[in-house]
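The exercises below go through one chain, step by step. Try each task before reading its solution.

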Amino acid sequence: MTIQGPGILPGLLRLGLCAGVLAVCLAGAPVRADQPVAPTAPPVPVLSLDFERLFDDTLWGKRIAADMARDSAALNAENTRIADDLIAEEKSLTDRRAKLTPAAFRTEADAFDERATGIRAAQKAKAQSLTQTYEAARQAFFAASGPLMDEVLTRRHAVMVLDRRAIIRGLEAADITEELARLMDARLGAGPAEAQPTPDPAGNGGE
């Protein structure tokens with residue numbers, strides 16, 4: 001039997017052919033300006049940074065913290081030893097009091113008080129020097145992170161970095177703490193040795 005025209009095709013077959021032609025036409029047609037397109041994720045203009053975590057997670061920060069812990073433990077041990085010596089000296093003076101004249105005892109007691117006061121002042125100065133050294137090392141660390149932070153800003157097409165603690169809510173994609181930590185480890189390692197000088201053992205600034 002010879003097919004005479006499209007009217008003889010079953011309805012579903014005719015509909016399928018029309019749909020196929022329409023699909024080919026749409027595939028080759030340009031996208032109109034008013035047609036919706038899938039949005040692309042824009043760069044995050046404002047980044048965030050957890051400064052304390054950056055310090056704790058980097059090789060340089062860990063080295064500074066380890067130096068501080070070591071020097072603090074040494075100073076605490078020294079303070080304990082000195083305190084024990086002073087207690088023993090004070091007890092010896094008290095035990096000898098009955099054998100000394102009032103004037104002699106007063107002379108020794110005044111000398112002991114003066115010496116103990118000087119020792120306490122020297123140890124306090126050591127503690128303050130250690131704290132200042134630690135803070136100076138932290139400042140050097142954060143100053144060194146600045147240029148690398150600029151690199152991340154440029155790479156991320158961002159305009160600023162905010163302290164994460166000041167942000168109420170934000171996307172995790174804006175947090176550059178881990179990225180900057182990896183960059184600092186790769187570029188700076190444990191940091192320059194002079195960034196954490198050893199405190200003056202005498203606590204007198206080298207006098």
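Helices and strands here are DSSP runs, a helix having at least four residues and a strand at least two, numbered from the N terminus. With that convention, Lys62 lies in helix H3. The model is a predicted one.

**Exercise 1. The chain as a whole**

Task: Find how many helices and strands the chain has, and state what share of its residues is buried.

Solution. 
- Step 1: The chain holds 5 helices and 2 strands.
- Step 2: Read from the N terminus, these elements follow the order α-β-α-α-α-β-α.
- Step 3: Of the 207 residues in the chain, 25% are buried, where buried means under 20% relative accessible area.
- Step 4: The accessible surface is about 14300 Å², and carbon and sulfur atoms supply 62% of that surface.
- Step 5: Among contacts in the chain with a separation of 6 or more, 83% are between residues 24 or more positions apart.

**Exercise 2. Helices H3 and H4**

Task: Work out how H3 and H4 are oriented to each other, parallel or antiparallel.

Solution. 
- Step 1: Two packed helices are described by the angle between their axes and by the distance between those axes.
- Step 2: The axes of H3 (residues 59-95) and H4 come within 11 Å, with a crossing angle of roughly 175°.
- Step 3: Angles over 145 degrees count as roughly antiparallel, so H3 is roughly antiparallel to H4.
- Step 4: Sorted by class, the contact of H3 with H4 has 19 nonpolar, 4 polar and 8 charged residues.

**Exercise 3. Helices H4 and H5**

Task: Describe the crossing of H4 and H5: what is its angle, and is it left-handed or right-handed?

Solution. 
- Step 1: The axes of H4 (residues 102-156) and H5 (residues 177-188) come within 10 Å and cross at roughly 120°.
- Step 2: H4 and H5 are therefore oblique to each other.
- Step 3: The crossing in which H4 passes H5 is right-handed.
- Step 4: On the H4 side, the residues that meet H5 include Phe141, Leu148, Val152 and Arg156. On the H5 side, those meeting H4 include Leu180, Leu183, Met184 and Arg187.
- Step 5: By class, the contact of H4 with H5 has 9 nonpolar, 1 polar and 5 charged residues.

**Exercise 4. Lys62**

Task: State which residues Lys62 touches, not counting residues up to four places away in sequence.

Solution. 
- Step 1: Lys62 is in helix H3 and, at 47% relative accessibility, counts as partly exposed.
- Step 2: With those positions set aside, Lys62 touches Phe55, Asp56 and Asp57.

Note on methods
Residues numbered from 1 in each chain as written. Predicted model: local features only at pLDDT ≥ 70, side-chain atom pairs only at ≥ 80, totals over all residues. Heavy atoms only, no water. Axes fitted to C-alpha atoms, helices over the stretch in contact; angles between N-to-C directions. Parallel < 35°, antiparallel > 145°, perpendicular 65-115°, else oblique. Left-handed = near helix turned anticlockwise from the far one by under 90°. Contact = heavy atoms within 4.5 Å. Nonpolar A, V, L, I, M, F, W, Y, C, P; charged D, E, K, R; others polar. Buried < 20%, exposed > 50% of the residue type's maximum accessible area, 1.4 Å probe, protein only. Areas by Shrake-Rupley, 256 points an atom, 1.4 Å probe, with all protein chains shown as cover.
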